Amino acid sequence: MSRTALRICPLCEATCGLSVTVEETAADGPHGEGGGRITAARGDRDDVFSKGFLCPKGASFGQLDSDPDRLTRPLVRRDGRLREASWDEAFAAVQAGLRPVIEEHGADSVAVVLGNPNVHTVAGALYPPVLLSTLRTRNFYTASTVDQMPKHVSSGLLYGDPLAIPVPDLDRTDHLVVIGANPMDSNGSLCTAPDFPGRLRALRRRGGRLTVIDPRRTRTARIADRHLAIRPGTDALLLFAMVRVLFDEGLVDPGEPAGRISGVAEVERLAADFAPEAVASACEVPAEEIRGLARELAAAGRAAVYGRVGSSTVEFGTLTSWLVDVLNILTGNFDRPGGIMFPLSATGAAPRPPKPGRGFALGRWHSRVSGHPEAKSELPLAALAEEIDTPGQGPGHPGAPAGPVRAVLAIAANPVLSAPDGARLDRALADVFMVSVDPYLNETSRHADVVLPPPPPSRSAHHDFAFNALAVRNQVRYTRPVLPLADGRPDECEIHARLILCAGGQDGADPALVDAMVIDTALGKAAGDPHSPVHGRHPADLARELTGRTGAERRLDMMLRLGPYGDGFGAEPGGLTLARLLEHPHGIDLGPLTPRVPGVLRTRSGAVELCPEPLVAEAARLRAGLSARPGGLLLVGRRHLRSNNSWMHNVPALTGGSNRCTVQVHPDDAARLGLTDGGLALLAGDGGEVPVEITDTVRPGVVSMPHGWGHDRPGTRMAVAAADPGANVNQLHDGTRLDVLSGTAVLNALPVRLAPASEAPAARPAAPA
C-alpha cells in the first residue's frame, strides 16, 4: 500500500517542493522505524514557489533518506572504540566530557563548528544560537568562511546588518550579470530561486540579456549572450574598472534611493586608478569589453549584478562582494523591481519606523594564534586546527581566548574535508573531547567521543528559516514529518535541546525547557516593544495562545504571528499563523519583492554607507598589487548539479556522470605538461593523484577541481563515497591565504603545479606558501 505526501527538499538552496511516494510498512525499516519508506520523489506542481521543478538531488530523496550507512543509534567512545549506546548514556557522556573542560579552562576552551547542512533544517536554524549563548565561547566557526562570509561583511558595512543581503529580482530584470557563479548547476546560492535555469531561460525569452564572467565556460556561460573568460582572482579589478567607466561617462544615476546613500564621491576617488586600460592585462579582458559591459549595465531598463562563490573565495572576496552592490547602486538598480532587492521573510522582524542602528563592526576579538579578527562573531574555519594544536596563551591578540581549544562540538560539519589543510585538523581532533551531531561516521565525526545521529529527513519537519530571507519571491511553506520516528528516538530538535542542557550542566532536565525559555524571552521582548502589536500584553498569556505539536512548532507559530505578515496574536485578523499555514500544504504566496529602504538599514547614519573605511583600505591594497601577475596555473573550483559540498557523495543515484572528482585542464596546457585524458596527474603539495579531464571549458592557464572530496580515511562508514573517494582539493591550502576582512579561505585563483603522476616523488613541487 502506498500514499503520497508533501515535503520541502532540504538538499540545496532552491527549496523545491516535493511530492513523495511512501510505501507503507508495518515492519521496521532500514533505520529501525516502522511506518514506511520513501520510494519515489517528484516535483510538487502545486507548490507556490517551485511549481513542479525538480533536480537530480530532489529525485534521489528516497535513496538519501534510506541510506543504510546512516547511523541509527548514538555512538560513545569506550576503550578507544566507538560503540552503540542509549540516548541517555550518550548525553550523560556529553556532559561528563564537556563540563570539566569548561570548569577548568573556561568557555573559550570549547569550539563550536557549524556545517552547511545546518541551514537546511529546522533544528539547525533554531538551536545553535541558544547553544552559543549558553556556552559564551569566542571560538565559533562555520562553513561561511569557506563560502559566503565576504557577502555578509560587505552587507554589514554597507547596510549595517550582515544578514541584509539583497538578491537579484530574477523574474523582472532585463540584464543579469553573473560573476563567479554557475546557477545552472548550483541551483543558486544566496539567491533562493527554484528552477534557476528556467528563470534564466525566461529572461532570454522576454528579450533580456545574460552576461557571465567566469574563467570556465560553465553551463550558465553556455547559454549567455556574453561570456568574459576572466583570469581567476581579478574580479575586483574588473568591477572597479566598470565603476570608473560609469563615472567617466556620466552614467552614474542611483535613482530614488540617492538621498539615502552617502560616500558616492569617495567611491569615485577610489576608482580613479582602475581604468579599463590599467586592469585589462591583469584581468585578461580587453578594455573595450569592460567599457561595453559597463555601458550595457547602465543602459538596461532594469539590471542586476550577482556574484557568488567564485568571486567570494578569492584574496579580495569582500571587496568584490562590495563592488557588486556598488555597481547595482550606482546604476539605479538598487532596491527596485528588476534590480537587487531585499526579501521579506515571514519569520523575519516586522517592519518598523526607520531609524539609525548600531552599525556593523569587525574585529571585536581576535583568534589566539594568528590574530585573525572575528567577522559576524565567527573566526576563520582555516584557523581551527592551529587553535587546537598550538599550546600556550599566544602573543596576546586583542580579546583572544586565553588558551587552546580542548573540546569541539561539530554540528552537521565535516571540516576535515571542507576546511583548508584538513590533514592538520585531522591530527588535531584526535587530542580533544569531541561531540558530533551527524547522521554519518565521516572524516570528521570518526574522531568524536560521542556521535548523536539525527533521524532521516522524511521524519523531520521542514521550514526554510534562512533561505526565505534570500528568496526571489516572498512566500512561506512548512511541511510536517512524512514518516513517524521509532519509539524512543528523539527528533533533531530534541537532540539539539538536550545538547544545550548538557552544555549548561543540566543533563536530565526536560528538553522542552529550552523552547519554553526562548519563547518566554522573545515574547517578553515583544511585549515591551512599543512598535510591536503585542505591546503591553502579558507574555504568559501570549504563550498560551501558541499552537503546535512540538516546541519547535510553537516557536515557528510565535515567529509567524510576530512577523511582517502575522496576525499579531489577534491584532491583525486574517494574518499569518501556524494554523493558517498548515491549511495551505503547498505554501502561501506573499507576492513579489518590494522596496524596503530605508527600513532595512541599520547603519549608524541611517543611510547606505557606500564607502566604509575598511573597504577603502582594501582598495589601496588592491591598487598596490595591480601590476602583480604570478605565472603558472591557477586553480578554481566548480559545482556539480548532483552534489552539495561534501555531504551527498554516499547516494548511489548521484554518483558518476559529471559528478566526478577530476582535474579539468585545457588541451594546450595538457599537451605542454604531457597529460592524457583519463590519466592521473599530481597536484602540488598533498592534493593527491587526480584523474585528468581535458576540456576547453576551462581557459588556458586554469585548472579546475570540485570541493568536498577525499573520502579515503579509515574509520568511516560511508561505503559508496569510499568506493570513489576522490582527492581533497582543500589540502592544497595551508590555511594562511585568507581574505583579510572576512577571514574566508582563498580557494580560487590558487597557484598550483600539475604533473603526470608517473613522475618521481622527488619531482613534486612544494605546497604553495
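Modeller: Helices α10 and α13 pack at an angle of about 60 degrees, with their axes 9 Å apart. Axes are lines fitted to C-alpha atoms, for helices over the stretch in contact, and angles run from 0 to 180 degrees between N-to-C directions. Helices (H or I, at least four residues) are DSSP runs, numbered from the N terminus. One caution: this is a predicted model, where local features need pLDDT of at least 70, side-chain atom pairs count only at pLDDT 80 or more, and totals for chains, interfaces and linings use all residues. Residues are numbered from 1 along each chain as its sequence is written, and side-chain values use heavy atoms, with hydrogens and water left out.

Biologist: Which residues in α10 and α13 meet?

Modeller: From α10, Leu238, Ala241, Met242, Val245 and Leu246. They meet Ile290, Arg291, Leu293, Ala294, Leu297 and Ala298 in α13. Contact means heavy atoms within 4.5 Å. By class, this contact has 10 nonpolar, no polar and 1 charged residues. Ala, Val, Leu, Ile, Met, Phe, Trp, Tyr, Cys and Pro count as nonpolar, Asp, Glu, Lys and Arg as charged, and the others, Gly among them, as polar.

Biologist: And at what angle do α12 and α13 pack?

Modeller: About 115 degrees, with the axes of α12 (residues 276–283) and α13 (residues 287–299) 8 Å apart. Pro276, Glu277, Val279 and Ala280 in α12 meet Ala287, Ile290 and Arg291 in α13. That contact divides into 5 nonpolar, no polar and 2 charged residues.

Biologist: Switching to α11. Which of its residues are buried?

Modeller: Val267, Leu270 and Ala271. Buried means under 20% relative accessible area, with a 1.4 Å probe and protein chains only. Seen down the axis of α11, they fall within an arc of 95 degrees, so they line one face of the helix. The arc is that of the directions from the helix axis to the C-beta atoms. These residues pack against α10, α15 and α24.

Biologist: How many aromatic pairs are there in the whole structure?

Modeller: The search finds 7. Rings of Phe, Tyr and Trp (its six-membered ring) pair if their centres lie within 6.5 Å; planes under 30 degrees apart count as stacked, over 60 as edge-to-face and the rest as tilted. Phe240 and Phe274 are stacked, 4.4 Å centre to centre with 0 degrees between the planes.

Biologist: Where do Phe240 and Phe274 lie?

Modeller: Phe240 lies in α10 and Phe274 in the loop between α11 and α12, so the pair ties together parts that are 34 residues apart in sequence. Phe240 is buried, at 0% relative accessible area.

Notes. Helix = DSSP H or I, 4+ residues; strand = E, 2+ residues; numbered from the N terminus. Buried < 20%, exposed > 50% of the residue type's maximum accessible area, 1.4 Å probe, protein only.
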